[in-house]
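Okay, thanks for coming, everyone.

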Amino acid sequence: MSVPSNDLLTLLARTPATVRTILEDLPEHLLHASVGEGGSSPVIALTRLIQGEMDNWILLEESVGLSEIIESAKHTRLTQDHSLDEMLTQFSNLRETTLVAFGRLLEGGKDLDGDCTQQGLRDGTLQELLATYAVNDLTHIARIVRTVAAQFDDGAVHGSNTNRS
């Protein structure tokens, strides 16, 4: 199923505010919590979103693997050098710049179903690149929510058969 590009752009535009709403005012122990050994924290997920915008991963040649960018240690510098509010603002500003660039492509009459490699983009169509970007955002948001929720799992009431006094 092909999702209209306007829907994808709307989702991409809302990601920074969604992430801010989830993370803002959370205590430090939840911001830096992880699930399992080697799991990433909500702050690490945010820094990966920022790094993706900074590296403009969607426009990279396929020879540069996304995993190389995501697995880089650059996120450590971001968390040490900036407050949460600064990182959230940086992500919002970077995403706005990215969306302006996509908007220019669309206004310039770029074919959403045309081959992007002719414009120096990664393999695929512009529509596929937008969808990939949206899935990436939703994956990071899900990771943030799942990690925070897991911190409460031991005290949560599960199922409808729980006795309540």
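So, Arg95: with a relative accessibility of 1%, Arg95 counts as buried, since buried here means under 20%. Keep in mind that this is a predicted model.

What does Arg95 pair with? One partner is Asp137, in a salt bridge whose closest N and O atoms are 2.6 Å apart. Arg95 sits in helix H6 and Asp137 in helix H7, residues 126–150, so this pair ties together parts 42 residues apart in sequence. Asp137 is buried too, at a relative accessible area of 0%.

Arg95 also forms a salt bridge with Glu53, and there the closest N and O atoms are 2.7 Å apart. Glu53 is in helix H3, residues 42–55, so again distant parts of the chain get linked. Both Arg95 and Glu53 are buried.

The structure holds four salt bridges. Arg20 and Glu24 make one of them, at 3.1 Å from N to O. Glu24 is partly exposed, with 37% relative accessible area. Arg20, Glu24 and Asp85 are linked in a salt-bridge network.

Now the packing. Helix H1, residues 5–23, packs on helix H6, residues 84–107, at about 175°, and their axes are 9 Å apart. That makes H1 and H6 roughly antiparallel to each other. Residues in the contact include Leu12, Arg20 and Leu23 of H1, and Asp85, Phe91 and Arg95 of H6. By class, this contact has twelve nonpolar, three polar and three charged residues.

And the overall picture: the chain has seven helices and zero strands, and 36% of its 165 residues count as buried.

Methods: Residues numbered from 1 in each chain as written. Predicted model: local features only at pLDDT ≥ 70, side-chain atom pairs only at ≥ 80, totals over all residues. Heavy atoms only, no water. Helix = DSSP H or I, 4+ residues; strand = E, 2+ residues; numbered from the N terminus. Buried < 20%, exposed > 50% of the residue type's maximum accessible area, 1.4 Å probe, protein only. Axes fitted to C-alpha atoms, helices over the stretch in contact; angles between N-to-C directions. Parallel < 35°, antiparallel > 145°, perpendicular 65-115°, else oblique. Contact = heavy atoms within 4.5 Å. Nonpolar A, V, L, I, M, F, W, Y, C, P; charged D, E, K, R; others polar. Salt bridge = Lys/Arg side-chain N within 4 Å of Asp/Glu carboxyl O.
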